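Please read each point with the model in view.

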Amino acid sequence: MHITKIEVCPLTGATVDGGWPQGHEPQENLHTLVLLHTEDGLVGCGSCFTSGRLVAGAVELLWPLLKGASAVQPERVSETLRQSSFWQGRGGAVEHAISGIDIALWDLMGKACNQPVSRLLGGDYRNTIRPYGSILFDEPDALRRTLEDVVARGFRAIKLGWRPFGRRDRTFDELLVRTARQTVGDGVDLMVDAGGSEQFWPHGTNWARNTASMLADYGIVWFEEPLPPDDLAGYIELTRVSPVPIAGGEVLTRRQSFLPWIENRAVDILQPDCTKNGGLSETRRIAWLAQDHNIQVVPHGWNTAVGLAADLQYSAAVPVARYVEYLTPCAYIDELTTEPFVLDENGELQIPSGPGLGIAIDPEKLNRFCPERIVFEG
């Protein structure tokens with residue numbers, strides 16, 4: 001069973017604002033699906049957290065290596081792509097494209113074996129998991145309304161992130177957190193994402209340590225990206241003294257980049273993003289390295305239904321897993337599949353048990369969000 005064609009599918013028309021100062025318009029393209037075809041007619045689907053033109057450029061580079069490759073050897077194929085593109089890759093858009101290809105390869109292998117990816121990754125430790133609704137901070141009144149809506153949709157865990165938190169003063173930061181806790185009550189888990197990967201982040205370890213002390217008073221589950229993502233020494237210092245767990249790692253690519261963070265216990269919670277760090281193959285390796293160092297792993301998932309499905313599959317196969325990120329509301333999650341994701345009465349998601357990623361993309365909806373595809377074949 002061999003790869004005969006790949007389709008690069010840039011998603012537009014429903015992009016969610018990611019919180020950056022300039023914001024994002026719905027017609028922008030932040031996420032791209034890749035569809036791998038075999039001569040047997042099977043199609044595997046992957047997701048990249050990168051714009052379509054960048055993915056297409058990377059696939060043009062990788063296609064001579066991918067064309068005719070086995071569709072049922074995901075780790076060998078994706079590692080060959082990685083090892084063969086060091087001079088133009090080792091991160092960035094090339095690794096992001098490899099991530100989507102790898103996810104699609106696992107989807108194909110699961111379909112060929114008639115097994116869910118989680119079982120092929122080593123076996124299931126759970127069949128449900130708690131998603132946290134991922135939203136942006138806002139002015140207090142608007143934030144209150146958003147939180148009420150997220151809770152009404154069934155979420156029992158919510159993460160608040162980015163501006164205006166950390167951009168005015170400590171009093172306002174605490175007002176936002178107090179507003180959130182008072183709105184949702186004590187029965188909903190709350191996480192705070194400072195957004196330290198935003199350009200020109202102004203704060204250091206002293207601000208982060210003092211802010212963590214404030215967050216502890218409100219029962220915050222973790223404090224995410226309180227520092228710039230390259231400040232390894234700062235994270236090591238902060239994690240050792242923070243009264244709340246420190247989380248980070250969403251921007252890292254390739255397992256080698258995660259090693260110093262794991263070996264130095266720079267965070268309490270590692271957040272690999274399989275749509276950019278190398279796919280499920282790399283994320284599985286990263287998760288087990290973290291597990292061996294007693295570091296919690298929670299997937300970063302500001303992405304699509306395909307990315308969420310991949311996160312669910314590998315979370316099922318990790319011994320200690322508590323949450324998956326669920327961007328909400330998001331048409332690329334809520335409207336792309338033939339069967340929607342549904343939270344149960346306890347705010348849990350059922351992990352798909354069908355072949356591959358366990359989901360099916362609705363062709364009509366994909367055409368609506370992806371009016372133009374870039375195809376490589378032959």
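1. Basis of the note. The model under review is predicted.

2. First cis peptide bond. With the elements named in this way, Pro329 is placed in the loop between strand E11 (323–327) and helix H12 (331–334). The peptide bond that joins Thr328 to Pro329 is cis, and its omega is about -10 degrees.

3. Further backbone points. Arg163 and Pro164 are also joined by a cis peptide bond, with omega about 5 degrees. Pro164 belongs to the loop between E5 and helix H6 (170–184). Arg90, in the loop between helix H2 (74–83) and H3, has a phi near 55 degrees, a positive value in a residue other than glycine. As background, most peptide bonds are trans, and most residues other than glycine have a negative phi.

4. The four-stranded sheet. In what order do the strands of the open sheet of four strands run? The order is E3-E2-E1-E13, and the pairing is antiparallel. Strand E3 (43–48) and strand E13 (374–377) are the edge strands; each has a single partner strand, so one side of each is left without a neighbour in the sheet. From one strand to the next, the twist averages 15 degrees.

5. Pairing of E1 with E13. Strand E1 (residues 3–10) is joined to E13 by four bridges in the antiparallel sense. Within this part of the sheet, Lys5 stands opposite Glu377 in E13.

6. Helices on the sheet. Helix H1 (residues 52–66) packs on the sheet and touches E1, strand E2 (32–38), E3 and E13. The direction of H1 makes about 170 degrees with that of E1. Helix H3 (residues 92–113) lies across E1, E2 and E3, and runs at about 150 degrees to E3.

7. The largest pocket. The volume of the largest pocket is about 530 Å³. Its lining consists of 24 residues, and those that lie nearest the centre are Trp20, Phe49, Trp162, Glu250 and Lys276. By class, the lining of this pocket has nine nonpolar, ten polar and five charged residues.

8. Strands in the pocket lining. Which element supplies the largest share of the lining of the largest pocket? That share, three residues, comes from E4. Strand E4 (128–136) and strand E5 (157–161) each supply at least two residues of the lining.

9. Aromatic pairs. The structure holds eleven aromatic pairs. Tyr132 lies in strand E4, whereas Trp222 lies in the loop between helix H7 (205–216) and strand E7 (223–224), so the pair ties together parts that are 90 residues apart in sequence.

10. The largest cavity. How many cavities of 30 Å³ or more does the structure hold? There are two such cavities. The largest cavity contains about 40 Å³ of space. Glu225, Pro229, Tyr235, Gly248, Gly249, Val251, Leu252 and Trp261 line the largest cavity. This lining divides into five nonpolar, two polar and one charged residues.

11. The second largest cavity. A volume of about 30 Å³ is found for the second largest cavity. It is lined by Leu121, Arg284, Trp288, Tyr314, Ala317 and Val318. Five residues of this lining are nonpolar and one is charged, with no polar residues.

Key
Residues numbered from 1 in each chain as written. Predicted model: local features only at pLDDT ≥ 70, side-chain atom pairs only at ≥ 80, totals over all residues. Heavy atoms only, no water. 1 Å grid on protein atoms, 1.4 Å probe; cavity = no way out; pocket = protein on both sides within 12 Å on 5 of 7 lines; lining within 4 Å. Points joined across faces, edges and corners; volume = space filled by probe spheres on them. Nonpolar A, V, L, I, M, F, W, Y, C, P; charged D, E, K, R; others polar. Pairing = 2+ DSSP bridges. Axes fitted to C-alpha atoms, helices over the stretch in contact; angles between N-to-C directions. Contact = heavy atoms within 4.5 Å. Phe/Tyr/Trp six-rings, centres within 6.5 Å; stacked < 30°, edge-to-face > 60°.
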